[in-house]
Amino acid sequence: METQPLTASIQDLQKKVVETLQETGKLMGRASNLFTIESEKKKYIQFQNQINEALPSIQNFELRVVIVAPTSAGKSTLVNAMIGRELLPSRTLDMTAYPTEIVFKAELTEPVLTISEATLSLFNEAMETLRIKIVEYLGWDDTLKKIADYPLLKNLAEKVKERKLIFPPQITGYEKIKEALTEINDFVRLCRKLDPSINQTWSEIKDLPRIETPFIQDEKINITKRLGNLVIIDTPGPNSRENNTEKTPEDIRKQLIRKQLNQSSVVLVVLDYTVFNTEVDNQIRTEIKEIVEVIGEDNLYILVNKIDQRKPGDTITSKELRESIIASFNLNSSNNRNNKIFEVSGRRAFCATNFIQEIKQYSPEAISELKISELKTAEPLAAEVFGMDWKEELEDTTIDTLQKKARKLLEKSKFSDFLENTINVLLVKSAPLSLKSSLKKSENRLKNLNNALICWQSGFNRDFNQIQDDIKFVEEEKKQIETNENLLEYNLNQELNSLNNDLDYALKNWTDNIRSSDLDKKISAIGINTKFLECTSDKDANNNSEKIKACTEQYFKGLLSEKGIPIKNCISATEDNLSKLINQYLPGIQDSAIRVRTRIQTNFSINLELTNKWKLPDFSANKIPDKMSNINMGIESKISIWGQLHNNFVAPLNLLRLNIPIVQEKYSIDVQQYIQEATELMKDKFEERKSEMKKYITNQLSKEYITNENNVSYSDYIDQISTILQQILESKKLSEEPLKELKVKLEFAIKESQELLSQVEDQLIDVEKLID
């Protein structure tokens with residue numbers, strides 16, 4: 001009963017926000033017609049399109065979640081676990097090549113895949129282009145050679161050649177949709193292989209293939225009745241083979257994902273536990289950094305999948321895994337961040353929910369008469385819960401027992417924890433969060449428009465010559481700013497090149513100084529045989545392992561401390577020099593901007609917040625790599641062949657209570673393997689940090705000092721003012737009647753923008769109350 005007033009208030013606010021956004025979109029369209037300068041026209045048309053594109057998610061209260069993962073991390077299995085049926089195709093080779101929307105709707109009984117007419121038209125154009133490429137240019141033999149590493153594409157290529165590949169606008173049913181999605185993704189992949197010129201087509205598609213599907217319904221995880229629809233956007237992974245070999249497909253893929261990020265509220269990153277902190281996993285790190293830049297860290301959730309494959313000998317705990325993820329991706333280490341990292345087993349979850357969903361199709365009476373052999377999901381579940389003897393166990397079990405096992409398996413998968421603590425919470429908040437997101441964007445656009453219109457209107461109080469003088473003054477100051485910016489940038493680059501060279505010198509011998517022989521001596525010094533270490537028990541082996549790891553970390557920390565000194569000296573000297581340069585040139589740049597602002601402040605009401613705050617990031621590299629604790633110590637229990645023969649011989653004799661001693665297992669540790677892996681890891685750490693420093697210097701440092709707090713360079717800001725002044729000047733050329741009509745339109749547009757801005761601000765206050 002308590003939720004009814006909240007729901008009613010959300011729906012009432014939703015109606016108001018939709019009306020406000022619709023009116024804002026119309027205003028942006030009218031504003032674009034007022035401007036004659038092309039760049040301004042395009043800007044407000046873009047604003048209008050963005051508002052119109054956001055409306056459906058507000059009207060439907062959709063919570064849009066982009067799911068990103070490297071190939072074979074198991075994201076399709078996780079989505080299928082939410083559905084409770086196998087809908088998204090999956091395979092060992094990379095599957096997803098093009099984004100797909102999956103919309104969860106409780107009222108549906110079967111999934112429906114819809115492809116818009118515009119999207120189908122682009123697909124058909126691409127299909128014909130590819131057919132011509134195969135038939136008229138490549139020929140069948142060369143076509144087969146180009147797809148030799150993807151034999152699965154052969155049948156699809158034949159269909160394209162014979163014009164037998166058809167994508168209908170609507171498809172119903174799990175199997176048919178799975179088949180269609182496989183063909184869609186493989187068709188995109190085939191185009192990339194045979195005709196890269198088609199790649200640009202995918203970025204032109206506005207409407208993604210959209211699947212509306214029922215959601216797993218169970219009393220423990222029934223979230224489908226919550227206010228808001230969950231929409232998951234399944235995206236291609238960053239490490240698929242064609243992405244690594246061709247630049248263009250990767251650029252298109254990133255472009256597609258960024259577009260989805262701009263339209264979404266949450267990003268879910270799936271990591272594979274079995275390859276965590278390996279080269280495969282590292283390929284997604286840059287992607288996550290880019291994602292955080294777009295959607296913010298608060299909207300990032302991380303799932304570590306395949307946790308069921310954690311072996312008994314794995315030493316990393318859940319806490320350590322979370323800390324490693326936070327450190328690896330440079331995330332905030334607050335408690336709130338810990339609540340957004342989950343360990344799950346998608347395979348276990350799918351086995352469980354698939355069985356639960358199938359059982360839901362039967363009434364209690366029907367279940368009592370049901371045979372286990374009639375259930376398609378019984379065997380996969382039995383294989384998961386009963387182990388190697390599952391076939392025999394399945395013959396003796398009951399449906400009731402399987403139901404209990406399924407729930408237990410779901411619990412062990414930790415998937416329901418993720419659903420309850422993340423998806424559930426987000427769905428409850430999806431309505432107000434969707435409203436807030438759209439209102440904030442509209443607020444910024446309305447402020448931009450209102451500011452421009454007031455400036456324009458104010459310009460009518462100045463005559464033509466005064467406006468020309470203003471433009472001349474602004475252009476002169478712009479030249480002065482550009483001169484100072486160029487001087488600053490040149491000197492910064494000189495200083496940064498010097499830092500680059502100093503870093504090269506300081507880091508030159510770092511990796512050479514990391515020698516496995518030195519570590520070998522350190523470990524030998526604590527009384528451990530590094531050539532062949534044999535222990536009498538598992539406990540003894542683990543104790544020695546901890547001693548080796550502690551000794552290794554102590555050795556590397558000392559090395560880091562010693563080698564970190566020249567780095568600190570380099571950076572400290574560079575900071576001083578950069579500070580001098582900033583203090584020399586930045587005031588001149590700021591003074592020019594202030595003079596422009598002061599001159600037109602009364603007439604144009606434009607403010608520019610200036611800042612000269614800056615600092616260099618920490619490059620000290622004084623931490624032991626997170627992966628160090630994950631190195632396998634290579635502990636093996638062994639009995640010699642003679643020991644095994646002896647034990648086999650005396651076993652029956654001991655049954656007669658002769659008590660003949662048996663040969664005990666001995667535990668060996670491959671210390672040399674550990675030493676080699678540890679030293680290589682430290683070398684990688686140094687190279688990685690060196691690369692980070694170089695990248696920061698090249699891409700960021702020199703730009704930070706010549707921009708204001710909104711990341712707009714002062715010269716760009718002056719360009720914005722010049723554009724407004726040019727527009728005012730154009731208006732001055734109008735004859736009396738058109739000018740009079742323009743003034744009326746401007747007056748009306750300013751009034752409307754201010755009213756809408758006031759509505760948006762009030763609605764934002766109401767939304768914040770609902771969120772709290």
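Student: Is Phe 342 buried or exposed?

Tutor: This is a predicted model, and in it Phe 342 has 9% relative accessibility. Buried means under 20%, so Phe 342 counts as buried.

Student: OK, and how many aromatic pairs does the structure hold?

Tutor: There are 9 aromatic pairs in the structure. One of them joins Phe 104 and Phe 215, edge-to-face, with 4.7 Å centre to centre and 85° between the planes.

Student: Where do Phe 104 and Phe 215 lie?

Tutor: Phe 104 is in strand 2 (residues 100-104), while Phe 215 is in the loop between strand 5 (210-213) and strand 6 (229-234). Phe 104 and Phe 215 are both buried.

Student: Back to Phe 342, which ring does Phe 342 form an aromatic pair with?

Tutor: With Phe 418, again edge-to-face: the centres are 5.5 Å apart and the planes are at 70°. This pair also links distant parts of the chain, with Phe 342 in strand 9 (residues 341-343) and Phe 418 in helix 20 (residues 415-458), 76 residues apart.

Student: Why is Phe 418 called buried?

Tutor: Because its relative accessible area is 0%.

Student: Which residues form an aromatic cluster?

Tutor: Phe 35, Tyr 44, Phe 47 and Trp 456 form one.

Student: What about lysines, which rings do they sit over?

Tutor: Lys 161 lies over the face of Trp 140, 5.2 Å from the ring centre. Lys 743 has its charged end over the ring of Phe 460, 5.2 Å from the centre of that ring.

Student: Switching topic: where does UniProt place the "coiled-coil region"?

Tutor: The UniProt entry, which is unreviewed, puts that feature at residues 464-491 and 739-770.

Student: How much helix and strand is in each span?

Tutor: Residues 464-491 are 100% helix and 0% strand, with the end C-alpha atoms 41 Å apart. For residues 739-770 the figures are 100% helix and 0% strand too, and the end C-alpha atoms are 46 Å apart.

Student: Last one, Asn 80. Where does Asn 80 lie, and what does Asn 80 touch?

Tutor: Asn 80 is in helix 3 (residues 75-83). Leaving out residues up to four places away in sequence, Asn 80 touches Arg 85, Glu 86, Leu 87, Leu 88, Phe 350 and Thr 353.

Student: And is Asn 80 buried or exposed?

Tutor: Asn 80 has a relative accessibility of 3%, so Asn 80 counts as buried.

Notes: Residues are numbered from 1 along each chain as its sequence is written. This is a predicted model: local features need pLDDT of at least 70, side-chain atom pairs count only at pLDDT 80 or more; totals for chains, interfaces and linings use all residues. Side-chain values use heavy atoms; hydrogens and water are left out. Helices (H or I, at least four residues) and strands (E, at least two) are DSSP runs, numbered from the N terminus. Buried means under 20% relative accessible area, exposed over 50%, partly exposed in between (1.4 Å probe, protein chains only). Contact means heavy atoms within 4.5 Å. Rings of Phe, Tyr and Trp (its six-membered ring) pair if their centres lie within 6.5 Å; planes under 30 degrees apart count as stacked, over 60 as edge-to-face and the rest as tilted. A charge sits over a ring if NZ of Lys or CZ of Arg is within 6 Å of the ring centre and within 35 degrees of the ring normal. UniProt positions are given in the numbering used here, feature names are shortened, and annotations may be inferred rather than shown by experiment.
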